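The sequence and structure are shown first.

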Amino acid sequence: MSLVIDHLGFSYAPSAQIFTDISFEVEAGSVVCLLGPNGCGKTTLLNCVIGLHKATSGSVSVDGESIEQLAGAQVAQLLGYVPQEITAAFDYTVLDYVVTGCAPHMKWFKRPGEAEYARAWESLERMGIERLADQSYARISGGERQQVSIARVLTQKPAFILLDEPTSHLDFGNQIRVLDLVKDLAREGFGLLMTTHNPDHVLMLDGKVVAMQRGGDYRFGNARDIVTAETLHELYGIEIAIEHSGAAKRDVCIAVGVGE
Amino acid sequence: MHTAQLEGIAKRKKRYRTVFIVLCVLLCVFALVALSIGHYSYDPRDVIRSITETISGKTPTDPAMDMVLFNIRIPRVLAAVLVGAALSLSGAVYQGVFKNPLVSPDLLGVSSGACVGAAAAVLLGLGMVQQQMLAFVFGLIAVTISVTIPKLIRNNTNLMLVLAGIITSGFMSSVLGIMKFVADEETELSAIVFWQMGSLTTVDGIDVVAVSPIAITCAIVLLALSWRLNILSFGEVEAKTLGMNVKLVRGVVIMCASCLTASTVCISGTVGWVGLVIPHLSRLLVGSDHRRQLPVSLLLGGTFMLVIDTLSRTLTTSDIPLSILTGLIGAPFYAWLLYRQRAANLL
């Protein structure tokens, strides 16, 4: 299976093009990272892929079938989304929140039963957050909420998982745990597309990367080829070094300074 | 195994069951009390006997009591429960759809529309039945205008819907103002004002039978969709990424809740506070999950309205308009609820 983003363009107004022509592919069992400075349109791109924004040009398809032609529930079985920030208006328990991941697989008037709750519980276990199960979703921390949100997408079991900065609210340990999970999920056959602000995470995941610049220029390729000192300098305008770490057995990315 | 968490979840379930059963019992008890007291007061045991006799087809021992019960009190008790349950259920549903616990069922203009319909009937000198029909129709017309405005502006967000509701309500109250202005002070104006304050004085069995099918159908649909309502209350974006047809589900839910409100407001006149306060109270009792909150709102609202209506007809010799009592009791109660919710960190 592959998720194909084909000549995608988006603008809020004709004069404000966010990006004009982006094409890349997410294969099942692989990770693609979206890297780029603030405001380059990473989240907008994710929103276009999932169908929250209507792309002004181009198309998104899974195995040749255009996402636009599919019903909502069908899309949700193919694509799952973990937004960066979620606000809670009411205080559902974490388990009741996670179980809503089953919705795309259920009929209108059906309610989650034992099978669905078992699936939700499994996802909580996988994230190692069963301790939160009976807590109010409105009263857990931002980082915990992010983990709960990932647990829900695991319950949803889509073919492709889109994550918007899944590590932004997490502590150092949980960041690495989530990256590890992302790798595991890819190994299990999920296709993953995630935005990140940390080039080192891209190296760590060692998949493919779309390096976006403001204005819509981008480069797509293997992380090792794209994440170089020059590219990162172009993206962020600061001095960055890529060095080999013996302990991590991989290249790491270090910020040297703002430069001149 | 995380038994503590599982226990916590089981405890919530048990709490819901307890609350549900207690409310059912309370409703029955209050219904019996309401049937027994009034202009003529009876022994509750005689009331039960009289009802069972009539239902089983026997000749009642006390025909006078039987007539009072079946012609006046039972329809009135049923109407009170129906109105309270309907307003509370649709209030709870509106709060969920609009992700906002401060919303009441008249957000999209049902009540102000119904007022215009009822006032028009008064001015045209129409009878009770026509008045109820006009109130119902105008209530739904107002909601239709509210949901059409965002479509015309091509901005189908919740916020636009709320603003459209404000526009419609504002317009409708001005139309009502014109009607009051031209109404005959002695007769028509007082009739309009009395309708606006809500009353079940004139309700009879036919009214209850006429509105029940619509109200019950809508209530069943809403209760059946309660889990979907949870997802809708996460907001449009999340609901959409979970594959929900937000426009369709929201449309169905809003239409059902509006029909439910309109179908009961047309027999009772507008009644304030119930649709706002009761959903809050039920959330405090069983939490926000609509699968539990909606049935509890329904029962609690029915019971509350029954108590209010019984007070309204027994406190003084003439019936006190319902909105006066719901406001006097509801407003301070709401303040207390907000205080409790603050204490529980829910707001």
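## Helix α12 of chain B

The model is predicted. In it, α12(B) consists of 13 residues and spans 18 Å from its first C-alpha to its last, close to the 18 Å expected at 1.5 Å a residue.

Most of α12(B) is covered, with 10 of its 13 residues buried. The buried residues are Val274(B), Gly275(B), Leu276(B), Val277(B), Ile278(B), Pro279(B), His280(B), Ser282(B), Arg283(B) and Val286(B).

## Packing against α3 of chain B

Helix α12 (residues 274-286) of chain B packs against helix α3 (residues 63-97) of chain B; the angle is about 70 degrees and the axes are 7 Å apart. Angles of 65 to 115 degrees count as roughly perpendicular, and α3(B) and α12(B) are therefore roughly perpendicular to each other.

On the α3(B) side, the contact is made by Gly84(B), Leu87(B), Ser88(B), Ser90(B), Gly91(B), Ala92(B) and Gln95(B). On the α12(B) side, Val274(B), Gly275(B), Leu276(B), Ile278(B), Pro279(B) and Ser282(B) take part. Of the residues in this contact, 6 are nonpolar, 7 are polar and none is charged.

## Contact between the chains

Chain A and chain B each give 25 residues to the contact between them. On the side of chain A that touches chain B, the elements that give two or more residues are α2 (72-78) and α3 (94-98) of chain A. The largest share of that side, 4 residues, comes from α2(A).

By type, the side of chain A that touches chain B has 16 nonpolar, 2 polar and 7 charged residues.

Methods
Residues are numbered from 1 along each chain as its sequence is written. Chains are lettered from A and ligands numbered from 1 in the order in which they are written. This is a predicted model: local features need pLDDT of at least 70, side-chain atom pairs count only at pLDDT 80 or more; totals for chains, interfaces and linings use all residues. Axes are lines fitted to C-alpha atoms, for helices over the stretch in contact, and angles run from 0 to 180 degrees between N-to-C directions. Angles under 35 degrees count as roughly parallel, over 145 as roughly antiparallel, 65 to 115 as roughly perpendicular and the rest as oblique. Two residues are in contact if their C-beta atoms, placed from the backbone, lie within 7 Å. Ala, Val, Leu, Ile, Met, Phe, Trp, Tyr, Cys and Pro count as nonpolar, Asp, Glu, Lys and Arg as charged, and the others, Gly among them, as polar. The expected span of a helix is 1.5 Å times one less than its number of residues. A residue is buried if 20 or more other C-beta atoms lie within 10 Å of its own, exposed if 12 or fewer, and partly exposed in between; C-beta atoms are placed from the backbone.
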